[in-house]
Each structure stands twice: as structure tokens, then as C-alpha cells.
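Thanks for making time this morning. I will go through a few side-chain contacts, one metal site and one piece of surface.

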Amino acid sequence: MLDIETARVVGKGLHRVCYAHPQDENLCIKVLLPLESKARLIEAVREVGYYRLLERRGIPWTMLPKFHGEVLTSRGPGYVFDLIRDYDGGVSQTLGHYLASSLETERHAEELAMSFDLLRDYLLQWKIITMTIKAKNILYHRIGKNEGRLVIVDNIGNSDFIPICNYVDFLAERKIRRKWRRFKAALRKEYPKNTFVQRRFNP
Ligand SMILES: Nc1ncnc2c1ncn2[C@@H]1O[C@H](COP(=O)(O)OP(=O)(O)O)[C@@H](O)[C@H]1O
Ligand SMILES: [Mg+2]
């Protein structure tokens, strides 16, 4: 069992805590919050299944963190992923962090714009299905002074009862385009004062 009682918390969502791996600075461990429902455990298993499918497909792990298996921790079952770090070593911040500040957005506007296109193309090329795409579940991974990639860390995979889109390319593509349209609309709504968002995601 891996003791994570003193491990650093790098992020927290509604259902999970993300810890820095105590033995490997390039890995993180996601653990369900205490008292999470059974449905969440099932959801975690479904997510692992989808990652396994992507592994078999041989996708490059450039805009998704690579999955490194399960580990039993002092806080229950843990799921190990790449810990996304910027070129300067700091843990990457969420896209929400950048968009919440017009100053931060403008500072990185050009690279951000490019990284949006790269993420959409990546999802389409590799037929990667997501659930709702949200700014708080995307990290802006700065890979150089003027270069970055968006990395989706949550809500990956297909929650459809019959996930036929996982196997039929044109259905996958249609779904991805729909999710992307909704993502853009949600950003416009969530960041009404961010001129970059309003300009770029004008319908
Ligand atoms: N691979 C990662 N590298 C760095 N930070 C991460 C990583 N995965 C998640 N995080 C951080 O932890 C937070 C919570 O993780 P997330 O998977 O979104 O949990 P939840 O399912 O509860 O929403 C994220 O919003 C992000 O800030
Ligand atoms: Mg989340």
C-alpha cells in the first residue's frame, strides 16, 4: 500500500483529489473523495476502460495524460497518471485559471489560440470521445516560453449506454464536433468579459 498522507495535493475536483506521487515527481495519483457514491467508483472503472482502449489504439499522449495503472493507497484505490508540468517545472495551471484573467489570456493569446486548434484536431484525428468539456478540466501545458498544449485531464470517454461511437468513426467525429461547439458556447457564457474568448468563439 502506498502512503499518501503527506503527499502534496496538486488539485481537487468535485469527486477526486489529485496528489503528487510521493516517489515520482512526474506522476500524480487520483483518489476518490471519502464518501463518494458507488456510481463514482463505477465511473472510475469506466474511465480506466476508455484509457485502455486508447492505449490499444496507440495514440500519442500529448493532449491527454498517460495512464499508468492502479495502485492501492492509504486513501483507497488510486489511479496513476502523468503529472503535467510546464517547461519550468511548475505544475501546469488549468485553462480556467488563464481565462479568468484577461491579462493572463492576452499574455498568451497567440499560443492559446493555436493550442485550441491543436486540441480539436487531436480529438478528431484520434477519435477521442469526451463528455462535457470544461475549462477547469483542461490544463494549459506550457512546453516552451511561447508554446503550449491543452491537456484534458477529466471527463474523458463515453457515458452512452451503448457506446457505438467508440467504434464507428463518422459517429465519433460527429460527437466530437458537437462537444466542441458546446465547449465554445460554454466558454463564451462563462467568460463574458474575456475579449479573447468572445472574439475567438463568436459563432
Ligand atoms: N494529470 C494532471 N496533472 C496536473 N494536475 C492535474 C492532473 N489531473 C488533474 N489535475 C488537477 O486536479 C484537479 C482535479 O482533477 P479531476 O480529475 O478534474 O477531478 P474531478 O473528477 O474531481 O473533477 C484538476 O482540475 C486539475 O487542476
Ligand atoms: Mg474535474
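Over which ring does the charged end of Lys 30 sit? The answer is Phe 81, with the charged end 5.1 Å from the ring centre. Before I go further, please keep in mind that this is a predicted model.

The structure holds 10 aromatic pairs. One of them is formed by Phe 116 and Phe 196, with 6.4 Å from centre to centre and 40° between the planes, and it is classed as tilted. Phe 116 belongs to helix α4, residues 109-126, and Phe 196 to helix α6, residues 195-200, so this pair ties together parts that are 80 residues apart in sequence. Both Phe 116 and Phe 196 are buried.

Phe 116 also pairs with Phe 201. Here the planes are at 70° and the centres 4.9 Å apart, so this pair is edge-to-face; the cut-off for that class is over 60 degrees. Again distant parts of the chain are linked: Phe 116 is in helix α4, while Phe 201 is in the segment after α6, 85 residues away.

How buried are these two? Phe 116 counts as buried because its relative accessibility is 1%. For Phe 201 the value is 6%, so Phe 201 counts as buried too. The limit for buried is under 20%.

Now the metal. Which residues coordinate the magnesium ion, ligand 2? They are Asn 137, through OD1, and Asp 154, through OD, at 2.1 to 2.2 Å. Asn 137 comes from the loop between α4 and β7 (138-144), and Asp 154 from the loop between β8 and α5, so the two tie together parts that are 17 residues apart in sequence. With a relative accessible area of 10%, Asn 137 is buried. Asp 154, at 23%, is partly exposed.

Last, the surface. Phe 161, Ile 162 and Ile 164 make a nonpolar patch of about 410 Å². Ile 162 is placed in the loop between β8, residues 147-152, and α5, residues 169-190. The loop between β8 and α5 is also where Asp 154 lies.

That is what I had on these sites.

Conventions
Residues numbered from 1 in each chain as written. Chains lettered and ligands numbered in written order. Heavy atoms only, no water. Patch = residues over 30% accessible without salt bridge, like charges linked within 9 Å, V, L, I, M, F, W, Y side chains within 5 Å. Areas by Shrake-Rupley, 256 points an atom, 1.4 Å probe, with all protein chains shown as cover. Salt bridge = Lys/Arg side-chain N within 4 Å of Asp/Glu carboxyl O. Helix = DSSP H or I, 4+ residues; strand = E, 2+ residues; numbered from the N terminus. Phe/Tyr/Trp six-rings, centres within 6.5 Å; stacked < 30°, edge-to-face > 60°. Buried < 20%, exposed > 50% of the residue type's maximum accessible area, 1.4 Å probe, protein only. Lys NZ or Arg CZ within 6 Å of the ring centre and 35° of its normal. Donors = N, O, S within 2.8 Å, 3.2 Å for Na, K, Ca; no water.
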